[in-house]
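The following note sets out points for a colleague reading this structure. Please consult the sequence and the coordinates alongside each one.

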Amino acid sequence: MRFTTPPRPFDVTALSHRLAPLARTATRLHPRPGSPTTHDSSIGGPLLWPADEPWPYCAEPHPQEEANGVPHSPEDIRELRRVHATAEARLLRDRHAPARLPEEQAFYERYAAGRPWCEGPVPLLPVAQLYARDVPLPARPAGTDLLQVLWCPYGHGASEPRTALFWRSAATVTDTLDAPPEPAVVEEDGYLPRPCVLAPEEITEYPGLRELDLETQAELADESRWQAAGARWDEDGALDPHEYWSGRLSTAPGWKTGGWTTWDLTDPEPRPCPACGTEQIPLLTIASSEWDDGSVSWRPAEDPADPAQHLPGDPSEPTLVDIRGGYTLQLHVCPASPDHPHLQIME
């Protein structure tokens, strides 16, 4: 499996000499639904977890009054996804087929009732497993070749899911945990990643508009510079050069490692390490989608332009992760010491 990001329309450094030194390599993960094993890099797949190592739990309070929506069990969510996929495939074969069969309607009614809220410590859910052989991992500790990311399936009030990082050497795991514990309920369906295999691809990124200095922002807004570079900013519906830069030229959407931090909601802020004050760097972006209407130019060439005419499911939302209605969760680590606490930013 291979996915290819379409090349950017032109060499962006032709717009300003200030941009060339700012180029960074990011690795798009290109997750797609599959059946990963513990020995694969994956999103939402099984982890290579030592049998003699306790599974991590979140022991913080999870008050029901702060919950968003009705909680469901992980198996309920998986069954909902199976029902959705079956119905979608049926309608693709025959547009006159019933939208819901009687047994599907009965399931939806049971699902709407939800499950009882769970008190006490909550087992964390696997989010990502990344082998260094497949994916470059910034600030990887010496002697390790595997990163495992888990999170609490509760949003903790108005904030995002809280993540935990585990670095390890895969060769040291000789006996794996076969049946990790699962939470009784998950606060939101989007907190349970669908198992996906990966097709990593390295790309070049540049800072988002808000992270550029004022001189560079002014140069990007100068339409004469675009003309001199033989480039156009108004051919894909962008309202101005700055919008074109943000959506099509700077940072890639979707799941990725490295690259630049994306600032969609707020102005850039310092990210000092809580332990030593060193500026932290992007490690992993957990995304609600691989692209949207404003970033469709990043859609891989291998994905259909109109998924409704091809296979069930939307390739722009392969993992079915949803961070608070479409945001990203960007994890940052300390380059001075991977043992220091990491930071997460929701944008």
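1. The model is a predicted one, and the values below should be read accordingly. D76 lies in helix 1. Leaving aside residues up to four places away in sequence, D76 touches F107, Y111 and R115.

2. Helix 1 comprises the 20 residues 74-93. At 1.5 Å a residue it should span 28 Å, and its end C-alpha atoms are 29 Å apart, which agrees. The residues of helix 1 that are buried are P74, D76, I77, L80, R81, V83, A87, A89 and R90.

3. What covers the buried residues of helix 1? The cover includes helix 2, residues 102-113. The two helices, helix 1 and helix 2, pack with their axes 11 Å apart and at an angle of about 145°. Their crossing is left-handed.

4. The contact of helix 1 with helix 2 can be listed by residue. From helix 1 come D76, I77, E79, L80, V83, H84, T86, A87 and R90, and these meet E104, F107, Y108 and Y111 in helix 2. By class, this contact has 7 nonpolar, 2 polar and 4 charged residues.

5. Aromatic pairs deserve a separate point. The count comes to 9 aromatic pairs. One of them is formed by F107 and Y111, with 5.8 Å centre to centre and 40° between the planes, and this pair is tilted. F107 and Y111 both lie in helix 2, 4 residues apart, which is about one turn of the helix. F107 is buried, with a relative accessible area of 7%, and Y111 is buried as well, at 10%.

6. A further pair involves Y206 and W245. Their ring centres are 6.2 Å apart and their planes stand at 55°, so the pair is tilted. Y206 lies in the loop between strand 10 (201-205) and helix 3 (214-221), while W245 is in helix 5 (residues 241-249), so the pair ties together parts that are 39 residues apart in sequence. Y206 is buried, with a relative accessible area of 10%. W245 is buried too, and its relative accessible area is 0%.

7. Which residues do ring pairs link into a cluster? F10, W226 and Y244 are linked in this way.

8. M1 lies in the segment before strand 1 (24-28). Is M1 buried or exposed? At 59% relative accessibility, M1 counts as exposed, because the exposed class begins over 50%. M1 touches R32, V197, L198 and A199, again not counting residues up to four places away in sequence. M1 and P200 are 199 residues apart in sequence, yet 9.7 Å apart in space, C-alpha to C-alpha.

9. To bring the points on helix 1 and helix 2 together: F107 and Y111 are among the residues of helix 2 that meet helix 1. The two residues also form a tilted aromatic pair, and both are touched by D76.

Definitions and conventions: Residues numbered from 1 in each chain as written. Predicted model: local features only at pLDDT ≥ 70, side-chain atom pairs only at ≥ 80, totals over all residues. Heavy atoms only, no water. Expected span 1.5 Å × (residues − 1). Buried < 20%, exposed > 50% of the residue type's maximum accessible area, 1.4 Å probe, protein only. Contact = heavy atoms within 4.5 Å. Axes fitted to C-alpha atoms, helices over the stretch in contact; angles between N-to-C directions. Left-handed = near helix turned anticlockwise from the far one by under 90°. Nonpolar A, V, L, I, M, F, W, Y, C, P; charged D, E, K, R; others polar. Phe/Tyr/Trp six-rings, centres within 6.5 Å; stacked < 30°, edge-to-face > 60°.
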